Amino acid sequence: MTQRILAVVSAGLSQPSSTRLLADQLAAATRDELARRGDAVELRPVDLREHAHDVVNHLLTGFPSAPLREVLDTVTGADGLIAVTPIFNASYNGLFKSFFDLVEADALIGRPVLAGATGGTARHSLALEHAVRPMFSHLRAVMVPTAVFAAPEDWSGGAADGALRARISRAAVELADEMHRRPPSAGPVDPFALTTSFEELLGRSDR
């Protein structure tokens, strides 16, 4: 049985949060799909609300706190990523964008990502395609085809209704397929690791 790590980032600001609720349901559905493929999954939820001050401090100083460094390592070292944001003014919220601005430029290359969003009206659903998907494409992550948007009318008594449940299931299958066919992650990339020997840096060789 292959062990997988799934990072689940939620940028909701309120408590309770429909954004966190959507993230949790996407994570549970993906975990179940991976289990059907014989993979054991460790879910690692990241509630950005708890790290908002550290995110701003990192933007200002260039240095992460220890808890934020751990969160960044969780996201960049996972086998897959679920990222869910509320939609403000037809785009992701500032906390979501600020956090991913702190991710190393090459850290998400080839990483399977499922994007989700919540908003006050279904008219905001296109923000997933014109804002969230381009951001992860710029980071060279592998976005699954289905992105999941949830409006207030998609929830029935705190549970996903039939249409939303179907979208969650389809997206979970796509993310599970992408994660399952890849080798397990080797963990976060050390930004200070040397990729070139000192001899190569000095233009020397053994010839």
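This is a predicted model: local features need pLDDT of at least 70, side-chain atom pairs count only at pLDDT 80 or more; totals for chains, interfaces and linings use all residues.
A nonpolar core is a set of buried Ala, Val, Leu, Ile, Met, Phe, Trp, Tyr and Cys residues joined through side-chain atoms within 4.5 Å.

**The chain as a whole**

The chain has 207 residues, of which 45% count as buried. Its secondary structure consists of seven helices and nine strands. If contacts are taken between residues at least 6 apart in sequence, 81% of them join residues at least 24 apart.

**The nonpolar cores**

In soluble globular proteins, nonpolar side chains tend to be buried together. In this model the largest nonpolar core has 37 residues. The members with the most contacts inside this core are L81, F96, F99, F100, L108 and F136.

What does F99 touch, leaving aside its neighbours within four places in sequence? The contacts of F99 are L48, V55, L68, V71, L72 and V75.

**Helices α1 and α6**

Helix α1 covers residues 18-36, and helix α6 covers residues 162-180. The axes of the two helices come within 8 Å and cross at roughly 50 degrees. Angles from 65 to 115 degrees count as roughly perpendicular and those under 35 as roughly parallel; α1 and α6 are therefore oblique to each other. Their crossing is right-handed.

On the α1 side, the residues that meet α6 are L22, Q25, L26, A29, T30, E33 and L34. On the α6 side, they are L164, I168, A172, V173, L175, A176, M179 and H180. By type, the residues of this contact divide into 11 nonpolar, three polar and one charged.

**Residue T19**

Helix α1 also holds T19. Is T19 buried or exposed? The relative accessibility of T19 is 3%, and residues under 20% count as buried, so T19 is buried. Apart from neighbours within four places in sequence, T19 is in contact with S10, A11, G12, V84, T85, P86 and T118.

Note on methods:
Residues are numbered from 1 along each chain as its sequence is written. Side-chain values use heavy atoms; hydrogens and water are left out. Axes are lines fitted to C-alpha atoms, for helices over the stretch in contact, and angles run from 0 to 180 degrees between N-to-C directions. Helices (H or I, at least four residues) and strands (E, at least two) are DSSP runs, numbered from the N terminus. Angles under 35 degrees count as roughly parallel, over 145 as roughly antiparallel, 65 to 115 as roughly perpendicular and the rest as oblique. A crossing is left-handed if the near helix is turned anticlockwise from the far one by less than a right angle, and right-handed if clockwise. Contact means heavy atoms within 4.5 Å. Ala, Val, Leu, Ile, Met, Phe, Trp, Tyr, Cys and Pro count as nonpolar, Asp, Glu, Lys and Arg as charged, and the others, Gly among them, as polar. Buried means under 20% relative accessible area, exposed over 50%, partly exposed in between (1.4 Å probe, protein chains only).
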